Amino acid sequence: MSYIHKGAYIAVLVFCIVIMSAYSSSATVRISIIKSNGSDAHNEAIASFVRAITGFGRSYTYNTITIKEGAESEIIKETKGSDLILSMGTTATLAAKKVIKNTPIVFCMMLNPVSSGIARNMESPGGNITGASLDIPLKSQFEYIKLLIANVKTVGVMYSPQETRTMVQEAFGIARSMNLSLVAKPISSEREVPDALKSLLNKVDVIWSVADGVVFGSQSTQYILLNTLKAEMPFIGLSPSFVKAGALMALSCNNSDIGKQAAEIANRVLNGENPGNIAIAVPRKISLWINMRTADQIGLRIPDHVIKSADKVIK
């Protein structure tokens with residue numbers, strides 16, 4: 001091949017690649033959004049997802065499916081032909097994972113993706129799934145506890161092995177690395193909470209909580225709040241609603257940013273990355289809530305600089 005013909009061949013090849021690339025980037029991407037409820041938090045995250053992913057330069061269409069438990073056949077039907085699935089919350093994600101085997105799934109607004117069986121681990125979830133979780137890193141949680149409670153040494157937690165064993169096992173190592181001793185009390189039903197709490201109150205400096213449905217039923221949650229206050233024991237809640245009800249402190253996520261993180265992951269998947277090899281995102285924007293009425297009632301002096309740094313202080 002002569003230099004002239006070779007140069008022309010290369011020019012044509014480059015032109016074809018450019019045309020194919022432009023065609024690929026302009027093709028409309030179909031995203032199916034699966035959710036099990038219409039909560040404000042989920043809707044906020046979805047809106048943020050749509051805004052963020054639109055900025056990556058593709059054209060999108062969206063198909064939203066609100067499911068009920070056991071509606072797997074509806075998922076298969078309604079998501080046929082989709083390029084990507086966005087699942088909102090644990091119920092929707094578990095249902096999607098059960099029946100969608102080839103289309104990439106990006107989950108959003110869910111806790112405990114490993115212990116719930118969604119992911120193999122946080123770094124490499126495996127299969128066709130990854131996403132953005134609501135799990136605030138354990139190290140960050142313990143750092144905030146140490147900020148609020150001077151000279152804290154021992155942290156107590158109640159948990160059910162069937163739901164949160166993996167998280168609590170990880171917490172032991174992280175606490176130890178931060179010169180904290182973790183005392184964990186396993187329970188198998190909500191009825192065991194009173195005895196478990198009574199045992200911990202005599203052994204620890206603070207009660208920490210993990211998102212465990214067995215521990216935090218409607219009645220047991222009230223019991224924990226009332227009896228930690230009565231014992232003048234700092235109680236770290238799961239969310240701002242706990243702080244409003246009397247917990248000393250809680251950390252919360254930014255729902256809008258969680259949606260944005262899911263969009264960033266979705267863009268990587270649509271660019272060809274294997275979702276099972278993409279690490280699950282954890283919240284990067286964390287809000288601190290403090291109840292100063294509770295602090296006064298239990299006789300805890302919180303440093304002024306910590307109070308000033310809080311996003312919400314209940315007085």
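These are my notebook entries on a predicted model of one protein.

I number residues from 1 along each chain as its sequence is written, and I use heavy atoms for side-chain values, leaving out hydrogens and water. As the model is predicted, local features need pLDDT of at least 70 and side-chain atom pairs count only at pLDDT 80 or more, while totals for chains, interfaces and linings use all residues.

**Overall.** I looked up the secondary structure first. The protein has 12 helices and 11 strands; these are DSSP runs, H or I of at least four residues for helices and E of at least two for strands, numbered from the N terminus. I read the span of the C-alpha trace along its principal axes as about 85 × 45 × 35 Å. Of the 315 residues, 48% are buried (under 20% relative accessible area; exposed is over 50%, partly exposed in between; 1.4 Å probe, protein chains only). I then took contacts (heavy atoms within 4.5 Å) between residues at least 6 apart in sequence: 71% of them join residues at least 24 apart.

**Surface and charge.** I found 32 positive and 24 negative side chains, their centres 3 Å apart. Lys and Arg count as positive, Asp and Glu as negative; His and the chain ends are not counted. The charges are placed at NZ of Lys, CZ of Arg, CG of Asp or CD of Glu.

**Thr154.** I located Thr154 in strand β6, residues 154–159. Thr154 counts as buried because its relative accessibility is 17%. Leaving aside residues up to four places away in sequence, Thr154 touches Ser181, Val183, Lys203, Val204, Asp205 and Val206.

**The β9-β10-β11 sheet.** I traced an open sheet of three strands in the order β9-β10-β11, with mixed pairing (two strands pair if DSSP finds at least two bridges between them). β9 (249–253) and β11 (312–314) are the edge strands, each pairing on one side only. Twist averages 20 degrees from one strand to the next. β9 and β10 are antiparallel over five bridges, and Ser252 stands opposite Ser287 in β10. β10 (residues 286–291) runs parallel to β11 over three bridges. Asn291 has Ile314 in β11 as its bridge partner.

**Cover on β9.** Helix α5 (residues 138–148) packs on the sheet and touches β9 and β10. The α5 direction makes about 145 degrees with that of β9; axes are lines fitted to C-alpha atoms, for helices over the stretch in contact, and angles run from 0 to 180 degrees between N-to-C directions. I checked both faces of β9: Met249, Leu251 and Cys253 are buried on one side, Ala250 and Ser252 on the other.
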